[in-house]
Structures are given as structure tokens and as C-alpha cells.
Amino acid sequence: MAEEPDMRTKKLVHEGCTIHKEKPFVYVLSSRLRTERCDYCLKKGQFMKCSGCHYVHYCGKICQKDGWSVHRFECRNLKRVSPRVLPDAARLLARLIQILRKGGDLVKSYYLENCFRMYKDLMSHYPNIKGDKPRMEHFTSLCAVLFEFLGDDILPNSAELMGMYGRMCINSFNIMDQELQCLGTGMYLGASVIDHSCTPNAVATFEGPVLYIRALKTFHYLDWSQIRISYIDILNTTKDRQKELETAYYFLCQCPKCLGPEPPEIQAAACPNPTCDNSIDAQNASPGDSCSKCGTPISETFLSNFNEVLEFTDMHLQNMKQMACILSRCSVRGSRRDVSSLSIYLDLDVCEICLQKQRGVLHKYNIKHVKTLDLAFQSSIDFQKWDFARTLALELVDAYYKYYGGVHPVTGLLHLKLGKILLFEESDELALEHLTTAYKILKITHGVGSSLFKEELGPLLKQAQMALTQG
């Protein structure tokens, strides 16, 4: 029997160190960005179309040449199905089929000197996929698309194709830009060894399609069996996080955060007394109860209002999520920018209504309130409503620290965006304070050598320091 490889090193690992760097086994740029970013390096810039398919765009001849080894198998098919846009999942699966036909099953991706992962090491989750009605419907539709797209090429048999689909669904990463906006999807064999936790000790970031895993804490030695990243956005209740993970990845999370007690404020009401910052467990409270901190009585009207606001918020958060999906599908036709602007406007308008209703009713750390603030903040930036964005960001800071922690890319990016807004408003001292905090966090999550530091945070810090000196 073969001996299991040792997944540990004896080397001290400091927080912020890159513990793994990997190019994707297979990846695709999101179709909605195909005219805005290079299909190979995923960067913005001046583009040239592929002369064969007129579908993919490259930032130059070097990327076009480097991308040809994969694109050559899809080029004529993309041209044949034009002007229809191939779904991202279908294009990724088609690329995976070709890579495996060309010997991709023999590729070894090392995460330690003596430890590697191969395609065969990825679980297919065949029984889970078979019993998952939404995924089976998606798989069936992809098969039809692939049959038309690949033309004369012979598809793998259904069992083999479903195995590929399962590995793709479970082991793919959303490829993000430095500000955590999704650019595409990729599979990374080495990084697939990393398990999930809602209290991660490492984080995944990207430079183009290249994945970086960085340590969020100092380890006396690196033990890959103990490294954890978060597969999902952890801004949610335990019940909803576990449901999302079970639906998407077929496991019930048993991390310390999921097994431990939730913060009492996560689904709480604000105290009826506006001068009291205590949280009220309105879902278990009865008329006649009182605030444990200030003694203010809880009325039936207060509880009824809380439930109405919660239902109103839930409904609109779900509607906005569904609207985003519908608009993203519609964006294949016409102007994607126009559709995006409509989506942003609807989000911001609805969020403002929700926030007005939530004031004095939902606790400031209620997860629905925090999600509404977060969505309104992003929309207000897109609409360049800087005053509103600044107000929202200042409200979000404490909530982010509570739910994401102090060392998390989302927290660091909030400080960066807030600092940028304050600098624009010429609040130079406060801007420098937030930009400095962003530096302390993002040097761990992204690294000082990242494009985020070189192209944005570094210049902003210098600008703020110069403004203070000149002032």
C-alpha cells in the first residue's frame, strides 16, 4: 500500500505570505466581459478580435499566440454558432473536454514539493448530481448546447460527461479582479485540496487568471490539511450558510462558526428606545416584555412592525437577486451598459426604501440590514452618489468587522473605497486614516506586490499624504 504524502512543511509561515500560486487547469472569461477584457490574461485595454471567430478579444499578439493552444479547438465552432453567445458553463466544459483529450488527465499540479493533485483526484459527485433536479436540468441543457456547438466532434458518453460536469461544478473558482468583481471561472487542481471554513485562515485572490492563496495568520508550520478558505460569502446566518454549502457543494459545514452560537444581533430588532443600542430578540419576544438593558416595554405594534419590515426586506432582496439574473441574460441583446445602469438604478431605489423602513426597527447588526447597506453602498458608487456612499460606508465599517473580521479582503476594500471617497471630498486627514487601515489589511490579503497596491492604493496614499503636507 502506498504511503500517504506528508502535507506539512517545517517552515514558519507569516501572515500575508503566499502559500500557493497556480495557473488554471482550464478557465473562461465571462461572456459579459468578452469585449472589455482580454480572453487570455483577463486584463482591460485596447483589443483586437480573433480574425477567425470574431468572438474573443485579445490585448495583443502575445496573448493571442499564448491563448491559441486552447482557442484553436473552439474558434471555428464559435464562428459557426455566431451571433449566439455560448453560455460560460458550456464553453468551460467544451474546453475541459479538449484539454482531457490532449493528455490533461496526466497533468500534475503541485502544492508542495512532494504533493500534487491530478484531474482524477477531483470527486465527480456523480450520485449527488443525479439526485439534484436543478443541476440535472442544467446538465441536460448543457448537453444540448454542446452537441450543437461541437458539431462533428464526438462527445464523451453521458456518464463521463456528467463526471466532468460534477468536477467542474464542485471544484471551480470564481476568478475575481482585485476588487472582488467576478471575471470568469476556472479549475485549479492543486488548490482543490483546500477545504472550507466560515472562519478561514487563508484567502484566495487573483492576478488575471493566476490564483494566489495567502495566509491570514501566522503558522508555526504549513499543514495543508489545516488550511481553510471560504467557498461562499460568509455574510449570512448559520442556517443560510449551511444551506448554501449543502446545495452547492453537498456537505454540511461543521466549522467552529457553524457549531457555535450566533451573535444575538444577527436577526434582532433595535430597541424601541432610540437612545439604547441593545438588541431585541423580536422573534421570541412577546408583548409586555421589556429591553434587558433600558427596560423599555415591547409592544405588539412594535413586534408587528418588525415582522412587516423583515418580510418587506426579504422580498425585495430576493427580487433584486432575481432581477440581476434576468438582466444578465437580457444583456446578450442590446447594450449591456444600459441594462446594467437600469439594474443599478432599481437596486439603489429599492435599497433606499428598505433602509428608510429599517431605521429604528432592525438592529444595526441585523444581517438583512447589513446586506441592504452593502448593496446600497455598491450601487451608490456605481451611480457616483458620493455623499450617500460615504454615509453608508461609515455605517458598514463596524458590521464588516463583526461578520468578516479585521483581516479580510472585503473589510480592507471597504476602507480603500471609503478613503478614496473622502479624498475626493477633500477630507484628507480622515481619508489618510482609512487608506492607512486599508494598507494594513490589504498587504496581508493581497500583498504589496499586487496590482491593487501598485495601481490604486499606493498612488492614493501618496496623494493623501501630499494633500495633508500642502494643506
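Over which ring does the charged end of R34 sit? I looked, and the ring is that of Y55, with the charged end 4.3 Å from its centre. My criterion: NZ of Lys or CZ of Arg within 6 Å of the ring centre and within 35 degrees of the ring normal. I also found the charged end of K357 over the ring of F312, 5.0 Å from the centre.

**Ground rules.** The model is predicted, so I ask for pLDDT of at least 70 for local features and 80 or more for side-chain atom pairs, while totals for chains, interfaces and linings use all residues. I number residues from 1 along each chain as its sequence is written, and I use heavy atoms for side-chain values, leaving out hydrogens and water.

**Aromatic pairs.** I searched the whole structure and got twelve aromatic pairs. Rings of Phe, Tyr and Trp (its six-membered ring) pair if their centres lie within 6.5 Å; planes under 30 degrees apart are stacked, over 60 edge-to-face, and the rest tilted. F25 and Y119 are a stacked pair, 6.2 Å centre to centre with 25° between the planes. This pair links distant parts of the chain, 94 residues apart: F25 is in the loop between β1 (18-22) and β2 (26-29), and Y119 is in the loop between β6 (115-117) and α4 (126-130). I take helices (H or I, at least four residues) and strands (E, at least two) as DSSP runs, numbered from the N terminus.

Next I checked exposure. Buried means under 20% relative accessible area, exposed over 50%, partly exposed in between (1.4 Å probe, protein chains only). F25 is buried at 12%, and Y119 is buried at 8%. I then turned to Y249 and F251, whose ring centres are 6.5 Å apart; their planes are at 45°, so the pair is tilted. Y249 is buried at 15%, whereas F251 is partly exposed at 25%. I also noted a cluster in which ring pairs link F173, Y188 and F206.

**Helices α5 and α6.** How do the axes of α5 and α6 cross, and at roughly what angle? I find that α5 (residues 133-150) and α6 (residues 158-171) cross at roughly 115°, with their axes coming within 11 Å. Axes are lines fitted to C-alpha atoms, for helices over the stretch in contact, and angles run from 0 to 180 degrees between N-to-C directions. On the α5 side, the residues that meet α6 include M136, F139 and L142. Their partners in α6 include L161, M162 and Y165. The residues of this contact divide into ten nonpolar, two polar and one charged.

M136 is in α5. Leaving aside neighbours within four places in sequence, I list its contacts (heavy atoms within 4.5 Å) as I129, K130 and M162.

**Loop between α2 and α3.** P87 is in the loop between α2 (75-81) and α3 (88-101). P87 is partly exposed at 37%. I place P87 8.5 Å from L142, C-alpha to C-alpha, though they are 55 residues apart in sequence. P83 is in the loop between α2 and α3 too. A cis peptide bond joins S82 and P83, with omega about 10°.

**Backbone checks.** Most residues other than glycine have a negative phi, and most peptide bonds are trans. H125 has a positive phi of about 55°. I find H125 in the loop between β6 and α4, buried at 14%. Q384 has a positive phi near 60°. Q384 is in the loop between α11 (367-382) and α12 (386-403), exposed at 55%.

Conventions:
Nonpolar A, V, L, I, M, F, W, Y, C, P; charged D, E, K, R; others polar.
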